[in-house]
Amino acid sequence: MNGVAGKQPTGGATALGRFMENLQAVPRRFAETMFRTGKPQSDRTRSTFVFGNVFLHLHPVRIHRWSLRWSTTWGLGIAAVSCFFVLVVTGVLLMFYYKPYPDVAYLSIKDIHFVVPTGRFIRNIHRWSGNLMVVVVLLHMARVFYTAAYRSPREFNWVMGMGLLVTTLGLSFTGYLLPWDQLAYWAITIGANIAQSPREVTDALGITEWFDVGGLQKLILLGSEEVGEEALIRFYLFHVMILPLILIALMTVHFWRIRKDGGLARPADADSRLGPPAAGVYPVFTEAPQKTYSLAAIVKGRTPAVGSGPEQTVPSMPHLMFGEAAVFMLTIVLSVVFAILIDAPLKEVANPAVPENPAKAPWYFLGLQELVSHSAFMGGIGIPMIVLIGLGLIPYLDREIAGTGVWFGGPGGRPLVVRSTVFGLAAVLAVEAFVIRFGWIRQWWPGVPQMVITLLNPGTVLTVFYAAYSVWSLKKYDSTRAGALALFTCFICGFVVLTVIGTYFRGPNWDFYWWPSQWPGH
Amino acid sequence: MTVEARKIEAARSRLEPEAMARRDFLGLTAWWSAAVALLFGFLGAMRLPKAAVLPSPSRKFKVALPPSLAAGQAYVPTGRSVALYKEGSQVYAISTICTHLGCVVKATDSGFDCPCHGSKFGRDGSVLKGPAPKGLPWREVKHLGGDNFLVDEGKTVATGTTVSV
Ligand code: HEM
Ligand code: FES
């Protein structure tokens, strides 16, 4: 133990003297024993600082300079973890007072908001940090996509990421019901009926009697036919227990795989792009590493240490740790500032007899709600499934090499992304403008069979436009990556525009309004 | 066994290996039985969240129509999701739960409007506009004498079914 053993007691010939000396030394000794391997001052102790610590050793000991550039990740993954951390802490605090029973739940949230010391602040942080997490996870997915960081050997980690995205959305959805106000009640009623919407298809085929997936899904979700006490306790269970556990399990695999897949993706010529390390950056190894798993062939090929020198790597302590701390602080600052400026909404207590008008889900579901306002099944289940499956398949279909680790890398590159943005925006705006101006099939021929509308509605039309454009781009550039770039960009445009329309331009009866001030009073 | 014989034996066992080594067989049996047990355990556990008795309140209720109810005017008993109409001597009930995603529709002069995604229904509950996949179902009504009726929200009857007073 370098330096930890410390001095042997010298003075105090008497036992009491030695005791006093030991007592004085307690704080210093305690600090020394906490860090088993001494202060992280040399290259070696910096390494042992990381892998000798149970919480830190998920990190690599040394990290490539490319991974540390802000433009590689924008810190978005760490920001997502930070949000989760903030949510766990504030969520546990809210659980001190929250009672998951209809009407009582509403009163307990009211208490938290108006009576409990710091209650409103904690509730606000929980609410805004949850919103922030959704934004950050979506942005993180976009950055991984646009830097083509999902390619071999990272395909599976992309799929884990999809699981994380779905779990994150599930957490916000289940949390939305808990305040038991009008907003919550009607958003969840709609959500539960979306779960039931396969009936739209089974009814049209006349097989609901024998094969009622929709009904079963709703029944399992709500434990009843309508949103009531059973539903509330279920949503609570999912929100505070099942989904967080799933999220933690998935995150563990996600992080583990980043390490095992050889750190973050970077272009093959990363070293020459970076140039020599700046002065003051800690130099290459000066001492032999203590552990050489990769050299002992315990881990597979492409770890940072195999086949390339450590020249472009720097010790994670302090470089990575300080970066992570910075992102963590930024996340907290954002959540706290929002919490101070804007109060989390709380409407009147849930009233099953009078729907909120308009009844809106949390904003990130309003794009879906816009689709759902054309066809419940296609908007709520069909198209989301197509999108999820499409996203999940990306790394298995794009097996090209060019452009990995570079923003908008791959054939087509930045110009293709710009063109796809223009097409994506134009298509969604055109379809929406058409529907808002002229309506849709049911208004022209009220007797049309439901199956026709389920298959041919604004959502499916838009999906076909996007798919066709993507195939066209794939052919034009003779590259799967180009097709993926086009499709993903269109998807983002569609998501953003539909969300904005659902949030700002839909009023009572889901009618279109330019400004909320034009809404008829109700 | 001579050295020679042992060599031949080894070569043959390589050519015609035992179908499966005993240890492998036992090991695989253990694996598969564990997997099947887990699967059925999971399915069994999943039976629990699917409630057998639903906590929903009774869907049958008695109602007295106000004598002043005008023809074609909707009467929605509080806490119920059904609109009652009286036309001449005929009484009928139409569900007020939107067939799209379950919001409560509002009876208007032209029929019913849904506040959630703008579905519009005619006076007989048929879909006129919007995402609702089918019309509002009619509910069973029984005449109990006088202005009293028994309505069953859980029972659908053919559109156009009325009871005479
Ligand atoms: C709760 C949600 C998530 C958390 C906490 C999380 C966390 C992280 C972190 C900390 C990293 C390290 C690099 C970085 O910060 O960008 C990372 C990388 C990665 N993430 Fe996520 N992530 C989440 C969701 C997702 C999603 C939705 C996807 C995609 C569908 C995804 C796919 C990936 C991939 C493929 C990498 C490796 C990127 C590379 O090698 O450059 N993650 N994630
Ligand atoms: S619930 Fe009535 S239109 Fe959607």
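Contact is taken here to mean heavy atoms within 4.5 Å. By this criterion, 26 residues of chain B are in contact with 35 residues of chain A. The structure is a predicted model, in which local features need pLDDT of at least 70 and side-chain atom pairs count only at pLDDT 80 or more, whereas totals for chains, interfaces and linings use all residues. Residues are numbered from 1 along each chain as its sequence is written, chains are lettered from A and ligands numbered from 1 in the order in which they are written, and side-chain values use heavy atoms, with hydrogens and water left out.

Between them, chain B and chain A bury about 2400 Å², of which 59% lies on carbon and sulfur atoms; buried area is the accessible area (1.4 Å probe) that two parts lose on being put together, summed over both. B:Leu101, B:Pro115 and B:His117 supply 23% of the area that chain B buries against chain A, more than any other three residues. The interface also holds three salt bridges, a salt bridge being a side-chain nitrogen of Lys or Arg within 4 Å of a carboxyl oxygen of Asp or Glu. A:Glu226 forms a salt bridge with B:Arg59, with 3.2 Å between the closest N and O atoms, and A:Glu225, A:Glu226 and B:Arg59 are linked in a salt-bridge network. Seven residue pairs, both members at pLDDT 80 or more, are in polar contact between chain B and chain A. A polar contact is a pair of N or O atoms within 3.5 Å; within protein, one must be able to donate a hydrogen and the other to accept it, and residues adjacent in sequence count only if both atoms are side-chain atoms.

The iron atom of ligand 1 is coordinated by A:His140 and A:His254, each through NE2, at 2.1 Å. The pair links distant parts of chain A, with A:His140 in helix H7 (residues 119–146) and A:His254 in helix H12 (residues 229–260), 114 residues apart. Helices (H or I, at least four residues) and strands (E, at least two) are DSSP runs, numbered from the N terminus. Donors are N, O and S atoms within 2.8 Å of the metal (3.2 Å for Na, K and Ca); water is not among the atoms, so sites may look incomplete. The arrangement around the iron atom of ligand 1 is octahedral because its six donor atoms subtend angles of 85 to 179°. Six donors count as octahedral if opposite donors are over 155 degrees apart and all others between 65 and 115. A:His254 is buried, at a relative accessible area of 13%, where buried means under 20% relative accessible area, exposed over 50%, and partly exposed in between (1.4 Å probe, protein chains only).

Over all chains the count is 17 salt bridges. One of these joins A:Glu32 and A:Arg28 at 3.4 Å, N to O; both residues lie in helix H1 (residues 15–34) of chain A, four residues apart, about one turn of the helix. A:Glu32 is partly exposed at 21% relative accessible area, as is A:Arg28 at 39%. A salt bridge also connects A:Glu356 with A:Lys347 at 3.0 Å, N to O. Here A:Glu356 is buried at 11%, whereas A:Lys347 is partly exposed at 32%.

Helix H2 (residues 43–51) of chain A is largely enclosed by the rest of the structure, because seven of its nine residues are buried. Among the buried residues of H2(A) are A:Arg46, A:Phe49 and A:Val50. Their cover includes strand S1 (62–64), strand S2 (313–315) and helix H14 (316–341) of chain A.

In chain B, B:Thr96 occupies the loop between strand S3 (90–95) and strand S4 (106–107) and is buried at 3% relative accessibility. The side chain of B:Thr96 reaches the backbone nitrogen of B:Val82 at 3.4 Å.

Several backbone features were also identified in chain A. The peptide bond from A:Ser152 to A:Pro153 is cis, with omega near 5°, and A:Pro153 lies in the loop between H7 and helix H8 (155–177). A:Thr118, although not a glycine, has a positive phi of about 60°. This residue is exposed at 57% relative accessibility.

Definitions and conventions. Tetrahedral: all angles 85-135°; square planar, octahedral: opposite > 155°, others 65-115°.
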